Number of protein chains: 4
Amino acid sequence: MIISMRQHATKEEIEHVCDRIVNDFGYKVHSIVGEERVVIGVVGVGDVTQCLESLEATPGVERAMRISAPYKFVSKEFQKDRSRIAVRNLEIGGDEFIVMAGPCSVESEKQIMESAEGVAAAGAKILRGGAFKPRTSPYDFQGMEGAGLKLLAKAREATGLAIITEIMSDADVGLVAEYADIMQVGARNMQNFALLKSLGRCGRPVMLKRGLSSTIKELLMSAEYIVAHGNPNVMLCERGIRTFETATRNTCDISAVPVLNELTHLPVVLDPSHAAGKRSLVPPLSRAAVAIGADALIVEVHPNPEKAISDGAQSLTVEQFRRMMEDLKPYVALWNESRVGEPALVG
Amino acid sequence: MIISMRQHATKEEIEHVCDRIVNDFGYKVHSIVGEERVVIGVVGVGDVTQCLESLEATPGVERAMRISAPYKFVSKEFQKDRSRIAVRNLEIGGDEFIVMAGPCSVESEKQIMESAEGVAAAGAKILRGGAFKPRTSPYDFQGMEGAGLKLLAKAREATGLAIITEIMSDADVGLVAEYADIMQVGARNMQNFALLKSLGRCGRPVMLKRGLSSTIKELLMSAEYIVAHGNPNVMLCERGIRTFETATRNTCDISAVPVLNELTHLPVVLDPSHAAGKRSLVPPLSRAAVAIGADALIVEVHPNPEKAISDGAQSLTVEQFRRMMEDLKPYVALWNESRVGEPALVG
Amino acid sequence: MIISMRQHATKEEIEHVCDRIVNDFGYKVHSIVGEERVVIGVVGVGDVTQCLESLEATPGVERAMRISAPYKFVSKEFQKDRSRIAVRNLEIGGDEFIVMAGPCSVESEKQIMESAEGVAAAGAKILRGGAFKPRTSPYDFQGMEGAGLKLLAKAREATGLAIITEIMSDADVGLVAEYADIMQVGARNMQNFALLKSLGRCGRPVMLKRGLSSTIKELLMSAEYIVAHGNPNVMLCERGIRTFETATRNTCDISAVPVLNELTHLPVVLDPSHAAGKRSLVPPLSRAAVAIGADALIVEVHPNPEKAISDGAQSLTVEQFRRMMEDLKPYVALWNESRVGEPALVG
Amino acid sequence: MIISMRQHATKEEIEHVCDRIVNDFGYKVHSIVGEERVVIGVVGVGDVTQCLESLEATPGVERAMRISAPYKFVSKEFQKDRSRIAVRNLEIGGDEFIVMAGPCSVESEKQIMESAEGVAAAGAKILRGGAFKPRTSPYDFQGMEGAGLKLLAKAREATGLAIITEIMSDADVGLVAEYADIMQVGARNMQNFALLKSLGRCGRPVMLKRGLSSTIKELLMSAEYIVAHGNPNVMLCERGIRTFETATRNTCDISAVPVLNELTHLPVVLDPSHAAGKRSLVPPLSRAAVAIGADALIVEVHPNPEKAISDGAQSLTVEQFRRMMEDLKPYVALWNESRVGEPALVG
């Protein structure tokens with residue numbers, strides 16, 4: 001941590017800051033007397049957040065800057081090898097590029113079975129489908145809940161696909177974990193810390209979606225919550241962030257994929273459907289995701305998008321999905337060759 | 001709702017859209033044949049969200065635009081008179097400008113009692129203090145929880161101040177409601193729909209903070225959740241949004257105050273502390289909040305900010321708060337005169 | 001400047017960095033060996049930008065952080081007293097709160113004369129009106145250019161109001177300076193460096209509008225361009241930034257006013273019309289601007305907004321402006337009393 | 001255009017609006033009387049901007065929405081076939097994927113010659129290098145100007161590479177056009193309309209970079225300026241937008257590529273260097289750009305990045321660039337096969 005003092009900080013203020021660092025927090029200080037101001041280096045082990053916040057509030061201090069990353073377990077420094085997360089007989093983050101696909105919501109037995117069969121035939125390995133739906137309006141369909149979970153299980157039995165479905169409240173963790181192979185945390189819950197703690201204790205693999213206005217660092221801190229509470233099986237999902245641009249539903253921050261590959265050992269999934277919000281953009285974004293080194297895709301597919309209860313405009317038909325999977329094959333072949341997500345550079 | 005067809009939409013596509021509007025959704029259609037494209041007006045009562053999403057996914061449709069507001073109970077159309085929310089012997093949204101103040105977290109009996117006495121003496125009417133703390137890092141102080149709630153109750157008894165404190169999980173609603181006069185929903189939980197529903201059923205007044213990247217319309221939709229589930233006692237809080245600017249912790253969207261005053265009858269609170277993230281900006285922002293017509297302020301005050309466990313840099317000392325309250329007096333006098341929040345214009 | 005080395009930077013990399021700081025750039029180094037990584041303090045006078053960019057590109061370096069501000073002449077450290085900018089017989093940044101008002105564009109003699117007389121009668125001291133108009137579309141009205149400038153001069157003669165008008169290209173600086181009392185740089189030209197340099201050489205007072213996505217620091221750097229090229233008469237204008245919120249045309253970053261008051265001696269103007277984009281929000285935002293300590297307002301007023309060629313929706317009628325000026329009087333009285341822009345806090 | 005009236009608009013207000021549409025602007029009206037409000041469709045040919053702005057300012061109107069695109073010449077509706085822009089013996093937007101590469105600034109003869117030879121050997125076809133540099137600080141290196149242009153010409157002669165270089169002011173258009181094969185408009189000048197008009201008259205191919213906070217629609221409007229003033233040879237460049245995320249210098253809005261491919265016939269270039277701001281992210285982003293269907297890349301390469309005067313941290317060495325070009329080959333082969341930028345979907 002580096003403390004930058006105000007330009008005209010007094011000797012007493014500087015001494016008081018140093019005194020607090022040493023005596024209140026047990027770190028060592030290292031002052032640099034510049035031409036314009038004094039900068040104080042703080043040396044020591046342990047989490048410095050409280051020291052940092054405290055010193056920022058201390059007279060004479062202009063800014064306190066953290067140098068080391070605030071997360072630990074999820075960092076590349078902590079674990080060099082990529083995490084491989086076992087999901088039934090699959091691995092996310094391993095040697096195979098994985099595609100998850102299915103409808104936004106589970107709507108009926110017919111709809112989810114048709115979806116499951118369609119995406120399985122096209123090469124998807126995991127079925128997505130929401131039983132609990134976070135909806136902006138209280139008047140919109142809120143999901144089939146328990147009944148939806150049962151239909152997902154039925155689709156799994158019929159097709160062999162693993163199941164990913166959303167969990168919205170810590171009260172439902174037990175119920176959802178009975179059915180889901182992967183527990184999905186939606187963007188709006190990325191900092192629902194009560195939920196993150198429950199998922200830490202639950203142990204089931206988790207896919208954590210990045211919040212609409214969350215930084216990459218905050219995404220990693222939320223993953224750290226789950227891991228620190230006991231569950232190392234976390235994958236991260238870039239699904240678009242909120243910006244001023246309205247041509248797409250969100251702005252796909254595709255650079256987040258290589259940035260995360262540099263910072264963490266956790267697998268990275270890309271969701272082109274929510275990022276774009278528009279069907280025709282899903283195939284090109286999916287190609288880009290494979291090329292840039294994501295570990296997996298999660299794609300919305302519906303047997304009849306115009307009858308979908310939610311997200312129809314961004315859902316592919318089964319046939320469109322099949323063609324997209326075909327189109328992706330040579331890119332996946334290149335992915336296999338080089339496991340391209342590895343930082344390709346620096347020499 | 002207005003459906004704009006693609007420029008080269010076929011006759012069949014247009015007919016199919018009209019057919020769906022009439023037969024699947026029961027609305028009337030009204031087509032406008034323009035020089036470049038066809039636009040279809042949809043006329044009828046009821047919530048149009050599903051119709052809108054469905055048509056957006058229909059071939060030939062370029063865009064479906066909602067004309068009417070998606071919220072109902074919280075709108076000025078539904079209730080012309082401002083809501084006055086009773087909190088013990090006070091009213092938020094009434095004839096008195098209310099100041100809530102206190103520390104970020106409840107840290108100890110001494111700290112919360114000193115805070116309460118200090119802010120009460122300076123003219124605050126409600127004590128803030130977090131017992132459950134949403135923290136970005138799992139390694140930061142997470143709050144005193146139940147013990148913190150008891151200390152807040154003790155401070156209330158000693159000073160007569162009402163209590164506002166944060167609720168983070170639907171599992172804790174019952175516990176927090178035993179102690180709190182106002183249940184605060186933090187920015188990160190603005191779209192925690194499970195929590196919003198519980199608060200709707202709970203009935204206790206709620207202060208709903210705007211999410212970091214939530215639009216004003218989404219804030220109103222989240223308020224609608226609480227009201228639609230049975231609790232009309234909702235106040236809204238602008239606390240800064242996330243933008244590219246880093247000179248302040250967040251960007252205080254002060255225009256949200258008059259915009260909300262035009263759209264809703266619910267009271268509006270401004271939080272200058274989180275908006276600015278810096279102590280010296282709190283007094284000028286507070287003056288602006290009074291002048292622009294907010295109903296209340298919520299301000300962070302700590303007896304010893306540099307020893308605060310969290311948010312010290314944006315907390316005023318008790319003495320600074322006292323001086324700020326003094327400084328605000330003539331502005332509050334003007335507020336009283338004109339109840340300036342009323343749309344002053346149009347003629 | 002502080003250089004943070006990568007966690008596993010080699011001894012050679014560290015030495016190479018130190019060597020470059022000392023031998024290529026002539027600064028002193030000051031290393032701090034932390035538990036996790038080495039941090040290098042760079043001590044010396046002069047602009048460090050090039051050193052910083054160069055070291056960021058050097059192997060083993062994780063990040064190079066500037067500690068001192070990159071601007072000089074515009075900073076409070078350089079000049080403690082607020083700048084007072086003389087404009088005819090007025091001062092911006094002095095003891096009087098100044099209101100500039102008028103139409104978006106000069107459209108005709110009748111329109112500009114009516115505007116000028118109306119705003120003068122209501123208490124404005126400076127007339128705004130664009131003769132050169134930056135328009136998003138090439139098909140929109142681009143301004144009356146030279147003829148518009150002449151009409152502004154005529155309005156000045158008739159009313160005694162000073163004139164502020166926009167300058168869009170360095171090629172026009174001479175022409176516009178013949179007529180304008182204040183040269184306005186629009187948001188889209190805030191980093192048109194060729195223009196800024198010309199305005200530096202021109203000497204005429206300049207009002208520099210903040211770019212739609214420019215930070216406060218970048219605004220100050222652009223002001224520094226003008227001052228460094230010889231013209232100290234610069235005032236800054238907050239006119240709303242671009243964010244995800246669409247309820248207003250832009251998001252008024254009102255905190256920029258006290259932030260600028262802490263960082264610079266230059267006067268600060270607020271433009272509520274462009275910030276809000278909607279007539280009814282202009283009066284409440286104007287009250288907030290006075291209360292928070294801006295030095296001046298610039299407001300769009302049109303004799304007949306619905307016939308305005310541009311920006312009609314955010315223009316007040318002359319009568320609405322008159323009422324707003326009336327409504328502002330007690331706030332301006334408070335402003336006079338305390339010159340409230342001064343940092344009110346810290347004790 | 002659609003006019004949505006306020007919920008309680010009076011009959012007189014509605015009639016006045018209709019009257020203005022018909023009599024002031026010469027369009028036809030088509031009213032839709034909904035349950036809650038009246039919506040008025042406006043039918044006719046021609047640019048509707050002024051009508052729209054005017055009606056928005058008219059009493060009783062809530063919102064005026066444009067249905068048709070505000071640009072014309074650059075739209076796919078105007079020209080179905082992709083534009084191919086001839087640059088010496090090359091075509092941008094044609095059958096070959098083009099890579100432009102070189103240093104941020106021209107710094108010396110040695111530096112630009114080494115760069116040119118290095119990037120040519122690796123497969124680049126166009127040399128980038130700034131002679132006029134837009135710098136945030138007036139104290140930073142502002143470019144070699146005329147002397148830099150001459151060095152670029154010399155490098156072209158030696159290597160056969162075409163030249164792209166930045167133009168910052170309409171005053172310099174003639175000078176720069178003597179040397180440049182492509183005139184580059186930087187992000188900060190995207191809405192420097194005086195410059196855009198000059199480039200329209202100049203005729204030389206232009207690469208227009210998207211502004212930091214400009215929407216895709218605004219980018220197209222700026223391109224329309226150039227085309228409408230006589231120059232159809234425009235290519236667009238996505239170079240990252242400004243968001244809240246700080247892990248990268250800007251946020252690469254990669255979806256802009258397929259969005260632009262749907263809306264316009266103009267070629268699209270991606271600049272991974274400015275988008276990322278960090279060397280190690282350039283190769284993965286470049287792969288993604290090829291996969292998603294961009295027409296070209298523009299990449300910063302410097303013989304010795306740590307000695308670069310600007311942008312060293314995001315510049316590749318010549319050797320790193322060579323390896324990246326090698327790595328891109330199979331992706332370019334796939335690009336060639338399918339000219340993947342074509343909308344792959346819809347069926």
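Visitor: Before we start, what does "buried" mean here?
Guide: A residue is buried if 20 or more other C-beta atoms lie within 10 Å of its own. Please keep in mind that this is a predicted model.

Visitor: What share of chain A counts as buried, then?
Guide: Of the 347 residues in chain A, 63% count as buried.

Visitor: How many helices and strands are in chain A?
Guide: Chain A has 11 helices and 14 strands. Its C-alpha trace spans about 75 × 50 × 40 Å along the principal axes.

Visitor: And what share of the contacts in chain A comes from residues 24 or more positions apart?
Guide: Taking the contacts with a separation of 6 or more, such residues account for 66% in chain A.

Visitor: Let us turn to the core. Which residues touch the most other members of the largest nonpolar core?
Guide: They are A:Val269, B:Val269, C:Val269 and D:Val269, in a core of 385 residues. In general, nonpolar side chains tend to be buried together in soluble globular proteins.

Visitor: What does A:Val269 touch?
Guide: Not counting residues up to four places away in sequence, A:Val269 touches A:Met207, A:Met235, A:Leu236, A:Cys237, A:Ala294, A:Asp295, A:Ala296, A:Leu297 and A:Ile298.

Visitor: New topic: the chains together. How many residues does the contact take from chain B and from chain A?
Guide: That contact takes 43 residues from chain B and 43 residues from chain A. On the chain B side, helix 2 (49-56), helix 6 (193-202) and helix 7 (216-228) each supply at least two residues. By class, the chain B side divides into 17 nonpolar, 15 polar and 11 charged residues.

Visitor: And how many from chain D and chain A?
Guide: Here the contact takes 43 residues from chain D and 44 residues from chain A. Five elements of chain D, namely helix 7 (216-228), helix 8 (256-263), helix 9 (272-276), helix 10 (282-292) and helix 11 (318-338), each supply at least two residues of the side that touches chain A.

Visitor: Which helix gives the largest share of that side of chain D?
Guide: Helix 10 of chain D does, with 7 residues. The side of chain D that touches chain A has 24 nonpolar, 11 polar and 8 charged residues.

Visitor: How does helix 10 of chain D pack with helix 11 of chain D?
Guide: Helix 10 and helix 11 of chain D pack at an angle of about 15°, and their axes are 9 Å apart. Because of that angle, helix 10 of chain D is roughly parallel to helix 11 of chain D, as angles under 35 degrees count as roughly parallel. The crossing of these two helices of chain D is right-handed.

Visitor: Which residues meet there?
Guide: From helix 10 of chain D come D:Val282, D:Pro283, D:Ser286, D:Arg287, D:Val290 and D:Ala291, and they meet D:Met324, D:Asp327, D:Leu328, D:Tyr331, D:Val332 and D:Trp335 of helix 11. By class, this contact has 9 nonpolar, 1 polar and 2 charged residues.

Visitor: One more residue. Where is D:Leu199 found?
Guide: D:Leu199 is found in helix 6 (residues 193-202) of chain D.

Visitor: Is D:Leu199 buried or exposed?
Guide: D:Leu199 is buried, because 28 other C-beta atoms lie within 10 Å.

Visitor: Which residues is D:Leu199 in contact with?
Guide: Leaving aside its neighbours within four places in sequence, D:Leu199 is in contact with D:Val173, D:Met183, D:Val206, D:Ile226 and D:Asn231. D:Leu199 and D:Ile226 are 27 residues apart in sequence, and 6.2 Å apart in space, C-alpha to C-alpha.

Technical notes: Residues are numbered from 1 along each chain as its sequence is written. Chains are lettered from A and ligands numbered from 1 in the order in which they are written. This is a predicted model: local features need pLDDT of at least 70, side-chain atom pairs count only at pLDDT 80 or more; totals for chains, interfaces and linings use all residues. Two residues are in contact if their C-beta atoms, placed from the backbone, lie within 7 Å. Helices (H or I, at least four residues) and strands (E, at least two) are DSSP runs, numbered from the N terminus. Ala, Val, Leu, Ile, Met, Phe, Trp, Tyr, Cys and Pro count as nonpolar, Asp, Glu, Lys and Arg as charged, and the others, Gly among them, as polar. Axes are lines fitted to C-alpha atoms, for helices over the stretch in contact, and angles run from 0 to 180 degrees between N-to-C directions. Angles under 35 degrees count as roughly parallel, over 145 as roughly antiparallel, 65 to 115 as roughly perpendicular and the rest as oblique. A crossing is left-handed if the near helix is turned anticlockwise from the far one by less than a right angle, and right-handed if clockwise. A nonpolar core is a set of buried Ala, Val, Leu, Ile, Met, Phe, Trp, Tyr and Cys residues joined through C-beta atoms within 7 Å. A residue is buried if 20 or more other C-beta atoms lie within 10 Å of its own, exposed if 12 or fewer, and partly exposed in between; C-beta atoms are placed from the backbone.
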